[in-house]
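Colleague: I'd like a close look at one thing here: the side-chain contacts. Please walk me through them, cut-offs included.

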Amino acid sequence: MSAGSAGVGSSAPLAGSEGVEPVVVTSFPAFRSEEWIRTEFDRLRAPTSVLEGVGLNPQFMTDFPSVGLYPTKVAQVQEQIRTALFRQALFKVQNVEVTHLEDCRDDRLLQRVAGRAGGSLAGRLLDARNPPDVQLLHEEVWTIDRCRRPVEYHVRYYKEGGDGFSAFVLPAGLQDMWRALRYYYSPG
């Protein structure tokens, strides 16, 4: 498998991605090169365990009673949102993983995605700063293989207002938290 390539295909096509073979990402590079984005971005699909059982229903969609007449379109919209959130979280994981590039140049492997009831203490403390219309939808713990060393990330998904969604990634390890802070806040 080449750098950034992935394994098994996903079943749900995204609107606008016709002719692009989807792949479920299990392996990804620490460095998000222009070439990797060009070749893999439109093909990225979330593993089935990401946001499993979470209702991704924008208010604009649920406000129409006739939405029940279009279950295929509803599923397509939900899969687009799920894929966008997965990509957002994966890119934030890569932002930390790239800081370990000098120690480990191998592709990273997404080994496990586990839902977490109630969320992490650190995540709940950070949520105190959120506006009142931002609600936690779901938290997962992603286990990443970094050169045969498992590292964990808390991935939190939010609904913002009626129609917005976002992902927040918090490394579980103190060294990775420090590296994330340096990545986001150091000049240059």
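Modeller: First, the burial terms: buried is under 20% relative accessible area, exposed is over 50% and partly exposed is in between (1.4 Å probe, protein chains only). This is a predicted model, where local features need pLDDT of at least 70 and side-chain atom pairs count only at pLDDT 80 or more, while totals for chains, interfaces and linings use all residues. Residues are numbered from 1 along each chain as its sequence is written, and side-chain values use heavy atoms, with hydrogens and water left out.

Let's start with the sulfurs. There is one disulfide in the structure (a pair of cysteine sulfur atoms within 2.5 Å). Its partners are C104 and C147, with the sulfur atoms 1.7 Å apart. The C104 and C147 link is right-handed, at 90° about the S-S bond. Because C104 lies in the loop between α3 and β4 (108–115) and C147 in the loop between β5 and β6 (149–160), the pair ties together parts 43 residues apart in sequence (helices are DSSP runs of H or I, at least four residues, and strands are runs of E, at least two, numbered from the N terminus). C104 has 4% relative accessibility, so it counts as buried. C147 has 24%, so it counts as partly exposed.

Now the rings. The structure has four aromatic pairs (Phe, Tyr and Trp rings, the six-membered one for Trp, with centres within 6.5 Å; planes under 30 degrees apart are stacked, over 60 edge-to-face, the rest tilted). One of them is W36 with F91: the ring centres are 6.2 Å apart and the planes sit at 55°, so you'd call that pair tilted. This pair links distant parts of the chain, with W36 in helix α1 (residues 34–40) and F91 in helix α3 (residues 71–97), 55 residues apart. W36 and F91 are both buried.

F86 and W142 make another pair, also tilted because their planes are at 40°, with centres 5.6 Å apart. F86 is in helix α3 and W142 in strand β5 (residues 134–146), so parts 56 residues apart in sequence get tied together. F86 has a relative accessible area of 0%, so it is buried, and W142 is buried because its relative accessible area is 0%.

Back to F91: ring pairs join it with W36 and F41 in a cluster. R32 lies over the face of F91, 4.5 Å from the ring centre (a charge sits over a ring if NZ of Lys or CZ of Arg is within 6 Å of the centre and within 35 degrees of the ring normal). Elsewhere, R129 has its charged end over the ring of F168, 5.7 Å from the centre.
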